[in-house]
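This briefing goes through one protein chain by topic. Look at the sequence and the structure first, then read the points below.

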Amino acid sequence: MLRDPERLRAILTNPDRPVQLVIAGKAHPADDGGKALIQQVVRFTEDPELRDRMIFLPDYDISMARHIYAGCDVWLNNPRRPLEACGTSGMKAALNGALNCSILDGWWDEGFTPDAGYKIADNGIYPNDTPDDARENFESDALYTLIEQELVPDFYQRTNGVPTRWTSRMKSCIAKLAPEFSTNRMVAEY
């Protein structure tokens, strides 16, 4: 997400169609890379031009998640494939009508449908020897392009003040994903 800070800044501060990001997270105490990433995000949010466009909420936990699920428009999830644990947060967000935007990993690999959310393009299965820079550059560009060309236009396209494409996706999200990704299914299958 921070691979091209100037492109992200342009997305966030677009005067006609601004984007606001609320980021929450917590790195495992032994995850130095995760802690460094959080520090990078926090430094980026400290820019006065971005203060009302991007915020980092520390100490993410289930209590905080309840509020975020109910109030977000998009659940952005961009782990490195195949490192997504499962994606239960994205499932809960979908139950609230939040559109998921993720790489195809974890639950989203099964749950993605174009009328109920967004997928971040990838470059196929990456062999272990694929340099991280190539993968990161491709997926970062894919994320920015998706936000610029699909997410933002869908959100801001309005008919009588109503984002019709967006609300159509929300309805599809709830109708298609809620029945499939629930504890009822989990109990039946396990």
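**Tyr190 and the chain around it**

Tyr190 lies in the segment after helix H8 (183–189); helices (H or I, at least four residues) and strands (E, at least two) are DSSP runs, numbered from the N terminus. The model is predicted: local features need pLDDT of at least 70, side-chain atom pairs count only at pLDDT 80 or more, and totals for chains, interfaces and linings use all residues. Residues are numbered from 1 along each chain as its sequence is written, and side-chain values use heavy atoms, with hydrogens and water left out.

**Surface**

- Tyr190 is exposed, with a relative accessible area of 79%; exposed means over 50%, buried under 20%, and partly exposed in between (1.4 Å probe, protein chains only).
- The chain exposes about 11,100 Å², by the Shrake-Rupley method with a 1.4 Å probe.

**Fold**

- The chain contains eight helices and five strands.
- Their pattern along the sequence is α-β-α-β-α-β-α-β-α-β-α-α-α.
- The radius of gyration is 17 Å, close to the 16 Å that the globule rule gives for 190 residues, so the chain is as compact as a globular protein of that length.
- This radius is taken over C-alpha atoms, and the globule rule is 2.2 Å times the number of residues to the power 0.38.
- The C-alpha trace spans about 45 × 45 × 35 Å along its principal axes.

**Interior and contacts**

- Of the 190 residues in the chain, 36% are buried.
- Among contacts (heavy atoms within 4.5 Å) with a separation of 6 or more, 59% are between residues 24 or more positions apart.
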